[in-house]
Amino acid sequence: MKILVLNGSPRKGNTLTAINSFVKGVSCEHEVEVVDTYKLDVSPCTGCRACQCYKGCVAKDDSNMIVDKIVDADLLVFATPVYWWGITAQLKMVIDKCYCKGAYLKNKKAGIIVVGGAETNDKQYELIKGQFDCISGYLSWDLLFYNAYSATQTDDLANNESAIKELESLGSLLDSEK
Ligand SMILES: Cc1cc2nc3c(=O)[nH]c(=O)nc-3n(C[C@H](O)[C@H](O)[C@H](O)COP(=O)(O)O)c2cc1C
């Protein structure tokens, strides 16, 4: 499978630790690319609808490059810190741009990794899961995993041995996937 990981965090902290652990567990039969959304030059969707959901975006920035990578991937992993009870703006801007090729985005596999300061029983994790459940339903995606972790300081997750093990083991879930 072609696996595209979209990193929603702008800092080298817990989300990056989670991504690195996930990638470590993925077997070499899969191809993995990690994109740092904060490094992209992606303008917000203006809702102009010139794309008609298949033509691509009129913006002359990284929008089409990243959306084409998303179209090309078999498994999309959205990894994000919690910002204000939701996903980060950097990741949301990329998701919004998926509208420009929405017609080509059906039937993918997806995985979600979320890291917030609050404990994992906080409502924010349900809210974020709810958003991805809706996106997955709309685009007929198979949501393979949703993993949420509580971590605040940049090295908190790295010091959580069971979380790291769990993230590394996610890769084995994929071996039965084509
Ligand atoms: C702008 C901002 C908003 C945040 N909002 C929340 C929040 O609503 N809930 C929460 O649990 N943590 C919140 N946090 C804390 C981060 O989710 C937490 O520190 C996380 O570990 C950051 O991930 P990172 O190390 O990958 O950047 C916020 C942090 C920032 C900078």
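**Sheet.** I started with the strand order. I find an open sheet of five strands, ordered E2-E1-E3-E4-E5, and the pairing is parallel. The model is a predicted one. Next I looked for the edges. Strand E2 (31-36) and strand E5 (142-150) hold those places, each pairing on one side only. I also took the angle between neighbours. On average, neighbouring strands of this sheet are turned by 15° against each other, direction ignored.

**E4 and E5.** I then went to one strand pair. Strand E4 covers residues 109-116 and pairs with E5 in the parallel sense, over eight bridges.

**Helices on the strands.** Helix H3 (residues 89-97) lies across strand E1 (2-7) and strand E3 (75-81). Against E3, H3 runs at about 150°. Helix H5 (residues 161-173) lies across E4 and E5. Its angle to E5 is about 170°.

**Aromatic pairs.** I counted ring pairs and got four. Phe22 has a relative accessible area of 0% and is buried. Phe145 comes out at 5%; that is under the 20% cut-off, so Phe145 counts as buried.

The other pair I followed is Phe78 with Trp141. Here the centres are 5.9 Å apart and the planes are at 20°, so I log a stacked pair. Phe78 belongs to strand E3. Trp141 lies in the loop between helix H4 (123-138) and E5. The pair therefore ties together parts that are 63 residues apart in sequence. Are these two buried or exposed? Phe78 is buried, and Trp141 is too.

I then asked which residues make up the aromatic cluster here. Phe78, Phe132 and Trp141 form one cluster.

**Charge over a ring.** My last entry is on Tyr138. Lys106 lies over the face of Tyr138, at 6.0 Å from the ring centre.

Definitions and conventions
Residues numbered from 1 in each chain as written. Predicted model: local features only at pLDDT ≥ 70, side-chain atom pairs only at ≥ 80, totals over all residues. Heavy atoms only, no water. Pairing = 2+ DSSP bridges. Helix = DSSP H or I, 4+ residues; strand = E, 2+ residues; numbered from the N terminus. Axes fitted to C-alpha atoms, helices over the stretch in contact; angles between N-to-C directions. Contact = heavy atoms within 4.5 Å. Phe/Tyr/Trp six-rings, centres within 6.5 Å; stacked < 30°, edge-to-face > 60°. Buried < 20%, exposed > 50% of the residue type's maximum accessible area, 1.4 Å probe, protein only. Lys NZ or Arg CZ within 6 Å of the ring centre and 35° of its normal.
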